[in-house]
Amino acid sequence: MKVPFLDITRRIKEHEKEYKKAVEDVLMSGKYILSDNVESLEDELAEYVGVKYAIGVANGTDALQIALDVLDINENNEVITTPFTFAATADTIMHTGAKVVFADIEEDTMNISPKEIEKKITSKTKAIIVVNLFGHSADWDNIKKVLSKDIFIIEDNAQSLGAFYKNKKTGIFGNISTTSFFPTKNLGGFGDGGMIFTDNEEFYKKAQYLRVHGATRKYHYEYLGYNSRLDELQAALLLLNLKYLDNWNKERRTIASFYNENMKEKFIVPFEKEYAYHIYHQYTIRTDKRDKLKEYLNSKGIPTAIHYPKPLHLHPLFEKYGYERGSLPVSERVADRVLSLPIFPELTEEEREYIVKIIKEW
Ligand SMILES: *Cc1c(COP(=O)(O)O)cnc(C)c1O
C-alpha cells in the first residue's frame with residue numbers, strides 16, 4: 001500500500017461541481033483581484049475568528065510583514081519570537097531591520113515558553129510574534145502575564161485557524177493576527193493567499209493601504225507599501241472550503257485520537273493541554289530513533305515529514321545574532337526527534353489502519 005502525505009485532489013473530486021462552478025463564476029465575472037469574493041471572505045473570516053476586521057493579502061508571509069509595518073517595527077527595536085517555526089515568522093522581522101530575539105519553547109506543546117519570553121525582554125522589545133504551532137494554541141494567559149502593555153503581540157495563526165484557547169478561537173489574542181491559505185494549511189486554497197485580522201480600526205486601515213503600495217486613496221501614496229493583493233479565484237474557492245473547515249478539523253482530531261491510542265506506548269505523541277482544542281495541522285510524534293523510523297515508514301509506502309529539522313537560530317541566515325548549538329536547548333532537542341505522519345481529513349479508514357499496523361510492527 002502507498003499512502004500520500006497529503007492529497008488535495010480527493011476533496012476536489014468530492015465537491016467537484018461546486019469548485020468548478022465557483023471558478024467559472026469568477027472567470028465570467030470579469031473581476032479578478034480584490035473584489036466581491038475577497039470582501040465576502042474577509043467578512044466571513046472576521047466573524048469566524050471573532051474580530052472586527054480582516055484584510056486579504058497575497059500570502060501568509062506578507063500578512064506578517066504588513067503586520068510588522070503597521071506597528072512601525074524598525075531597526076531600533078527588538079522582536080521576540082520562537083525558533084521552532086517556519087522561516088517566515090522570523091525572516092519578516094529581519095526585513096524590518098529589527099533584531100530577532102529567539103525565546104526557547106515548552107517541551108510538551110513545542111510552543112514558545114512564557115518563562116523564556118520573560119528572560120528575553122529588554123527596553124528595546126517592541127513586539128513579539130507568537131505562533132500557535134501545528135494546530136495547538138500557545139499558552140496565552142501566561143504569555144500575557146509576562147508582557148507589559150506597551151509590547152505589541154502579533155499572533156501567527158497560519159497553522160491554527162479553527163483552534164481554540166479556553167473557549168475562544170485563536171486569532172483574537174494578538175493586537176494583530178495573521179494566517180496563510182497555502183494549500184497544505186487547514187484552510188488551504190489552490191495557490192497563495194493570506195489574511196490579517198485585528199480589532200483596531202487604525203491598524204485595519206493601515207494594513208489596507210500597505211497591501212496596495214501605501215495608497216490612502218487612488219494614486220496618493222503615504223506609506224511605503226507592497227503589492228500584496230488576494231485574488232478572486234482564491235477567495236471564491238476559500239469561501240467554499242470555509243464551509244467545511246470545522247468538519248475537516250474534527251476529522252483531523254478523529255485521526256489524531258486513533259493514532260494516539262495506538263502509538264502512545266512507543267512514542268511521545270502530541271499533547272493537548274486542558275486549555276487547548278487541537279486541530280492537528282500536523283500530527284508530530286517524537287522519538288530518539290526518528291531517522292530510522294522515517295526510513296522504515298518510507299520503505300512501507302508511508303511518507304513522513306520533519307517539521308522542523310533545525311531550529312531557526314542555527315541557520316546561517318540568523319548567524320549574526322550569535323546563537324550557537326546549546327543556546328536554545330529545548331528547541332534543539334525537539335528538532336532532532338520530531339516526525340510528522342500523514343494527517344488530512346480525506347485519509348481513508350484503510351490508510352489510517354495501515355499506518356497504525358505498520359507502526360505497531362516497528
Ligand atoms: C505557512 C506559514 C507561514 C507563511 O505562510 P505563506 O502563505 O507560505 O507565506 C508563516 N508562519 C507559519 C507558522 C506558517 O506555517
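Trainee: What share of the accessible surface of the protein belongs to carbon and sulfur atoms?
Mentor: Accessible areas come from the Shrake-Rupley method with a 1.4 Å probe, and for residues only the protein chains shown count as cover. The accessible surface of the protein comes to about 16,300 Å². The part of it that belongs to carbon and sulfur atoms is 49%.

Trainee: What should I know about the model and the numbering?
Mentor: This is a predicted model, in which local features need pLDDT of at least 70 and side-chain atom pairs count only at pLDDT 80 or more, while totals for chains, interfaces and linings use all residues. Residues are numbered from 1 along each chain as its sequence is written, and side-chain values use heavy atoms, leaving out hydrogens and water.

Trainee: How many helices and strands does the secondary structure come to?
Mentor: Helices (H or I, at least four residues) and strands (E, at least two) are DSSP runs, numbered from the N terminus. By that count the protein has twelve helices and 14 strands.

Trainee: What is the radius of gyration of the protein?
Mentor: The radius is taken over C-alpha atoms, and the globule rule is 2.2 Å times the number of residues to the power 0.38. For 362 residues the rule gives 21 Å. The protein is close to that, so it is as compact as a globular protein of that length, with a radius of gyration of 20 Å.

Trainee: What percentage of the 362 residues is buried?
Mentor: Buried means under 20% relative accessible area, exposed over 50%, and partly exposed in between, with a 1.4 Å probe and protein chains only. Of the 362 residues, the buried ones make up 56%.

Trainee: Which residues have the most contacts inside the largest nonpolar core?
Mentor: A nonpolar core is a set of buried Ala, Val, Leu, Ile, Met, Phe, Trp, Tyr and Cys residues joined through side-chain atoms within 4.5 Å. The largest has 51 residues, and its largest share, six residues, comes from H4. Apart from this core lies another, of 24 residues, including Ile 255 and Phe 344. In the largest core, those with the most contacts are Ile 117 and Ile 128.

Trainee: Is Ile 73 buried or exposed?
Mentor: Ile 73 lies in the loop between helix H4 (60-70) and strand E2 (78-81). Beyond four places in sequence, its contacts (heavy atoms within 4.5 Å) include Leu 68, Val 79 and Ala 98. Its relative accessibility is 5%, so Ile 73 counts as buried.

Trainee: What is the phi of Phe 134?
Mentor: Phe 134 lies in the loop between strand E4 (125-131) and helix H7 (140-146). At 3% relative accessibility, Phe 134 is buried. Its phi is positive, though the residue is not glycine, and is near 60 degrees.

Trainee: Which residues is Gln 282 in contact with, leaving aside neighbours within four places in sequence?
Mentor: Gln 282 is in the loop between strand E12 (276-277) and strand E13 (283-286). Its relative accessible area is 10%, so it is buried. The residues in contact with Gln 282 are Phe 5, Phe 134, His 307, Ser 340 and Ile 343.

Key
Contact = heavy atoms within 4.5 Å.
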